[in-house]
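Please consult the sequence and the structure shown below while reading.

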Amino acid sequence: MSFSDIPVEIGPVFEGERIRAKQMYVELGGPKVEKHFELVRVASSKDIKDGQVILHGPDIKDMEEGSRHPIGIFVEVAGPELEEDLEAVFERRVHEFCNFINGVMHLNQRYTNWMRVSKAAVGKGFNSLEMLGTVLIRLFKAELPIIEQAQVTIYTDPKAIEKPYDMAMGIYEKRDERARTIHDDDVDMFYGCVLCQSFAPTHACCITPDRTSLCGSINWFDARAAAKVDPKGPLFEVPPGECLNLEAGEFTGINEMIKKRSLGEIERIYLYSGMEFPHTSCGCFEAIDFYIPEVNGHGIVDRNYGDVAINGLPFSAMANQTGGGKQMPGFNGISIQYIGSPKYQRYDGGINTIVWMNSGVKDRVAEFLPPDLVPKIATEKEVQDINALKDWLKEVDHPMVATWAALEAEEEEEEDEGAMIPMGTQSFTVPGVGGAGGFKIILKNCKIHAETIIIKKIEPPRKKK
Ligand code: SF4
Ligand code: ZN
């Protein structure tokens, strides 16, 4: 496969390339644009023209520098062995293949896709989305030989994107609806995915009927189809093995898989917990499930939420904490679909632990939650800070309120023994070398408990005589 006709370099080495606002020529999709999507569908070979790229709307060269536009990427693929169940897995590769292009950054998937094209790339002549479509077609065929023909249609016009956007939303919903029909106890095979290891080398997704992949785009059916056609590929079978803890969802097969795939870094996974041996997170999670110690409950914030969450942190700050393939109790990257599963963080207390969600998430999942719980989950519309949340939870008699008395008793005991003293907001400055620069540490509403504090002067290293 040759890319000699494409004016920028193409290859996996460019994955992970960041294009900051200052470096970008245009932004396509993303949180500031209303409608955008990417979709792959299996078509009949007679209905598509192999290699063809169709563009509806302005091309990069017609776009003003620094502007934002809708983007719809619709890939149609054909081949005698293709089946509909493979579509979602193919679709996930759009992310990877776009990132192969030097000067193109792609984030997320489905209707949260977000791309930037750099000024440097446009300067070199990468000024047409037809080139993008051509690169996608060639990579799809080369990396997935089961695809024999491919055609790409790209939408950048806000009117023209409307219909295909609605069609894409309908298809995502259909896939999700089907995935809700089965559960972990109904199957004897789980799956794994390591597509994100180029970004998070110790991360592997465990995909089970109840835990759709955290990117939200690969459910159990999709993973099964992908592992069947390419068992040595990035999606593979994970025999569950022995169940060590039913409540937590701990399986010997999953533990063996994560140990091997994380190169020994991670040894155990509780599928149904965000607090103990939680599933690792790369960076593509649709939402973050975070623990709120003040109310002994959980909050959920999704990627589309632009404000700070109830704990005072924006999604981006929590995403840094959550991602990177680490096991981070209290911060768990999840798919929206998992929230509606009966296994949702069952080990931590399940769905009843949720005290706050941004309204965008709540609107999407409300119909799958216990009806009496729904009005007791606060959103940014009802409360803006933790104190208000506490009052609200008491007022609506949220199930977690019953756990507070026990928690307070525990805390009092601790205070008697040691010194758990509320410190308000504390700040101190760590000076830099020679007294210049340095940084300031601010601890908001902190309680500090320390048995001993040791402050040591750092002696400059002695010169050897
Ligand atoms: Fe695969 Fe998980 Fe990455 Fe989705 S988030 S592409 S399932 S590794
Ligand atoms: Zn990822």
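Two strands are said to pair if DSSP finds at least two bridges between them; strands (E, at least two residues) and helices (H or I, at least four) are DSSP runs numbered from the N terminus. The model is predicted, so that local features need pLDDT of at least 70 and side-chain atom pairs count only at pLDDT 80 or more, while totals for chains, interfaces and linings use all residues. Residues are numbered from 1 along each chain as its sequence is written, and chains are lettered from A and ligands numbered from 1 in the order in which they are written.

The protein chain contains 11 helices and 21 strands. Four strands, in the order S2-S5-S8-S3, form an open sheet with mixed pairing. Its edge strands, S2 (37–42) and S3 (53–56), each pair on one side only. S5 (residues 72–78) and S8 (residues 149–155) are antiparallel, joined over 7 bridges; Val77 has Ala150 in S8 as its bridge partner.

Angles run from 0 to 180 degrees between N-to-C directions of axes fitted to C-alpha atoms, for helices over the stretch in contact; contact requires C-beta atoms, placed from the backbone, within 7 Å.

| Helix | Strands | Angle |
|---|---|---|
| H1 (residues 87–99) | lies across S2 and S5 | about 135° to S2 |
| H3 (residues 129–143) | touches S3, S5 and S8 | about 150° with S8 |

Around ligand 1 are residues including Arg92, Cys193, Cys196 and Ser213.

Notes. Near = placed C-beta within 6 Å. Contact = placed C-beta atoms within 7 Å.
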